[in-house]
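Here are some notes for you to read alongside the model, as numbered points.

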Amino acid sequence: MNGTQLEEAFRQVRPLYEALGLAVERALTPAIKSAGINDAVITSRPKGVDEFLKKTVRKTYADPMAEITDKVGVRVVVSLLAHVPLIEAVITSQFTVIERLDKSEELGDDQLGYLGLHFLIVADAGLNTDDFDMDGHICEIQVHTRSQNAWASVSHPLTYKAGGVGPSSSVRRRINRLVALVELFDQEVDAARSQVMHDQDVPEVAMLDALDRPFTVLIGRSYDAALSLHILHVLREAFSEEELARFPALIADFAAEHGQYFADRVNHELEGTSVDPLLTQPEALVVLERLEHARAKLRATWDSHLEPILLTRLSESLGRPLQPA
Amino acid sequence: MDIGTFAITRVIIHKIPRAKLSDKTTTPAELSDLVTALDADQRNYFEKRIKSSMQKAFEVVWDSETDSPSPVPAAIMGCFDDSTYDEEQFVEQSRLIATHLHSKQLGGSPSGLLTVAEGTIGSGATGAIIGRCIVVLKLELESGISVDTVQTGGKSSLKVRIEDVTLTETTRVFKAGLFNRFNTLPDLKGWVSDAQLGSATAGRVIADFFLEDFLGCAMKETDEVVTMKFAAAADDFTDSITDEEKKFRYLTAIRSELESNNPTLDPEKLANDHFDVDDRDNFINRFKLADGQIQQIHKNIDLIRREVTRTWVDFDDGVRVTGPPEAVERYMAAIRGATNALGDPIITSGIKKIR
């Protein structure tokens, strides 16, 4: 197949791969939210015709149409390194993975270079659209942290191998030195987060962490974390020490039993235009839990720190009206 | 029935003018021919008001012993007959209900809106059965809500305007009856709330009018039995309090509420008014119904008058102090404060039981 034939062949299949990328993106989005990650950025992009042709020039392929497997790529970018294994679990549960490549494992312990986790998945009929039969087609999924993604975006054009000749040793050294920062950055962010979660002086952070996953799964909306911490600082007084000690389990149990009710109430309210802003915050789940089990303590605690009308309105929106004290 | 899951499916509103009995024919009710279109905010507003009303509602049944039966139960039952029920039927039955209210309402009643809402209770997702229910809502026209008559193809309906749908109106007078599906009148079961029920002066009269004359219902349990059960549950609560001084204070508050002229008793309000914060939910949760509502008590202490009007304090040494709760509390306080010449308390024996 000469260059012109190859170009035409890829041009013809490119819309299918574009649709495949979008289908994978659509499948991943709710599954990742269900895993409790609400800030992952998921994008898809088919390879450009020129990129495809350039790749066939840079490398030697017997059958480029069959051998080039990244005709479409889906990228999942997460905030925390700790989220990467969760994303991997989602990918392996959603798709048939035919190849897994941890780029860091390719590097020796004395080497620095591109980091990231790559998967090749093979589509089945479940991803078919009205226009395309996806069965058997391959899609690449890359999983990056934000810092890995930033490094890859910046370094890629700098390490481009013009005519098979890479950048000079000093340029490569400069670029690879940055990878050390990326590794350090991700690990420090995870460590700092872990430390904050276990900080006894700020228990609201751990409370919010326990709420984040069920809230994301049930409601799937972003929220104002600073507002959450402010309200949780008050709400924790409505719990006994014993209840606070088992707060994550308490919330998980409550969400399992009443989560659908909570989601139904929130979604019902969201059909209107005058939605109580506190309703779409994770702490609304805590308020509902207290309304079920300790409404008087909730009322007294809230009223001593916050505007009573806010709780009255929120309780009404949650379908558990609480009269003003 | 979890009232929190209540969702309106359609609503019709009729205008009931103020009219003396003699003027009923010259000042007729303004009956709508069509259901009222509500946007999501207005729908949410009505749902919240109904849920709030039902939070403090009484369980009712069909009043089979009345001499002058109300047509309202049969009209509501018509909304559950799937073989004939449709929107036209809903409108028709609501007009019957509004006409009956207009004919029965006394001249002193202010003009208002009779709203009949069809809704569902329950969520399929939680496994509960989604059931149709009918709500009859009587509200007074006041600032914040207004209606305009709209003509569509020669038929009239009322368009609602709510000035601020986020406004929490705790003072607005609502009377509401919510009825789940029933197929024969003896099977009628529902919930009725009335913001004026708590009024010591007018409460009973209003209850009789709205509940019996208009809705054709009666309280599910007699007031005497409900009050007796409340007192027993309240005793269980005070028995769980280990601090004797606190127990005495709570007992006095409960008995004082039971003896007051107020015809109703709200356990939540009682707890919030008289108990320490940490003890309130222990009390309130005893009166929480399966659907999340707090049981309201329509008081009648005839069966427990002796227990309510007297308090007994038994001491470990066999001494018993008894009398009206307030008198015993004053007496006990005086004893607690008194000391002998050496500064020791006069009573050294512990309290064995308070009831």
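1. Let me begin with a definition: a salt bridge is a side-chain nitrogen of Lys or Arg within 4 Å of a carboxyl oxygen of Asp or Glu. By that rule Asp278(B) and Lys297(A) form a salt bridge, with their closest N and O atoms 2.3 Å apart. Asp278(B) lies in helix H8 (residues 277-284) of chain B and Lys297(A) in helix H13 of chain A, so this pair joins two chains. Please keep in mind that this is a predicted model.

2. Now for the two chains as a whole. Chain A holds 14 helices and five strands, while chain B has ten helices and 14 strands. In chain A, 46% of the 325 residues are buried; in chain B, buried residues make up 49% of 355.

3. The contact pattern may also interest you. Taking contacts with a separation of 6 or more, residues 24 or more positions apart account for 72% in chain A and for 71% in chain B. The accessible surface is about 16,000 Å² for chain A, with 52% of it belonging to carbon and sulfur atoms. For chain B it is about 16,100 Å², and carbon and sulfur atoms supply 50%.

4. Helix H12 (residues 283-293) of chain A deserves a look. Ten of its eleven residues are buried, so that the helix is mostly covered. Among the buried residues are Ala284(A), Leu285(A), Val286(A), Val287(A), Leu288(A) and Leu291(A), but also the charged Glu283(A), Glu289(A), Arg290(A) and Glu292(A).

5. What do the buried residues of H12(A) pack against? Their neighbours in chain A are helix H8 (203-218), helix H9 (225-235), helix H10 (241-245), helix H11 (247-270), helix H13 (295-305) and helix H14 (308-317).

6. The side chains of Arg290(A) and Glu289(A) meet in a salt bridge, 2.7 Å from N to O. Both Arg290(A) and Glu289(A) are buried. Side chains of opposite charge can pair when their charged atoms come close.

7. Next, please turn to Leu322(A), in the segment after H14 of chain A. Leu322(A) counts as buried because its relative accessibility is 3%. Leu322(A) and Thr312(A) are ten residues apart in sequence, and their C-alpha atoms are 5.6 Å apart in space.

8. Which residues does Leu322(A) touch, leaving out those up to four places away in sequence? In chain A they are Leu291(A), Arg295(A), Leu298(A), Arg299(A), Leu311(A), Thr312(A) and Ser315(A), and from chain B there is Glu268(B). Leu291(A) is also one of the buried residues of H12(A).

9. Back to salt bridges: a search of the whole structure, over all chains, finds 34. One of them to inspect in chain B joins Arg10(B) and Glu87(B), at 2.9 Å from N to O. This pair links distant parts of the chain, with Arg10(B) in strand E1 (residues 7-16) and Glu87(B) in helix H3 (residues 87-104), 77 residues apart. Glu87(B) has a relative accessible area of 36% and is therefore partly exposed.

10. Chain B also has a network of salt bridges, which links Glu245(B), Lys246(B), Arg249(B), Asp276(B) and Asp279(B).

11. On chain A, Leu178(A), Leu181(A) and Leu184(A) make a nonpolar patch of about 290 Å². Leu181(A) sits in helix H7 (residues 169-197) and counts as exposed because its relative accessibility is 52%.

12. On chain B, the patch is one of positive charge, where Arg306(B), Arg310(B), Lys353(B) and Arg355(B) gather on the surface. Lys353(B) belongs to strand E14 (residues 351-354), and its relative accessibility of 43% is why Lys353(B) counts as partly exposed.

Methods:
Residues are numbered from 1 along each chain as its sequence is written. Chains are lettered from A and ligands numbered from 1 in the order in which they are written. This is a predicted model: local features need pLDDT of at least 70, side-chain atom pairs count only at pLDDT 80 or more; totals for chains, interfaces and linings use all residues. Side-chain values use heavy atoms; hydrogens and water are left out. Patches are made of residues with over 30% relative accessible area and no salt bridge: like charges are joined within 9 Å, nonpolar side chains (Val, Leu, Ile, Met, Phe, Trp, Tyr) within 5 Å. Accessible areas come from the Shrake-Rupley method with a 1.4 Å probe; for residues, only the protein chains shown count as cover. The place of a charge is taken as NZ of Lys, CZ of Arg, CG of Asp or CD of Glu. Helices (H or I, at least four residues) and strands (E, at least two) are DSSP runs, numbered from the N terminus. Buried means under 20% relative accessible area, exposed over 50%, partly exposed in between (1.4 Å probe, protein chains only). Contact means heavy atoms within 4.5 Å.
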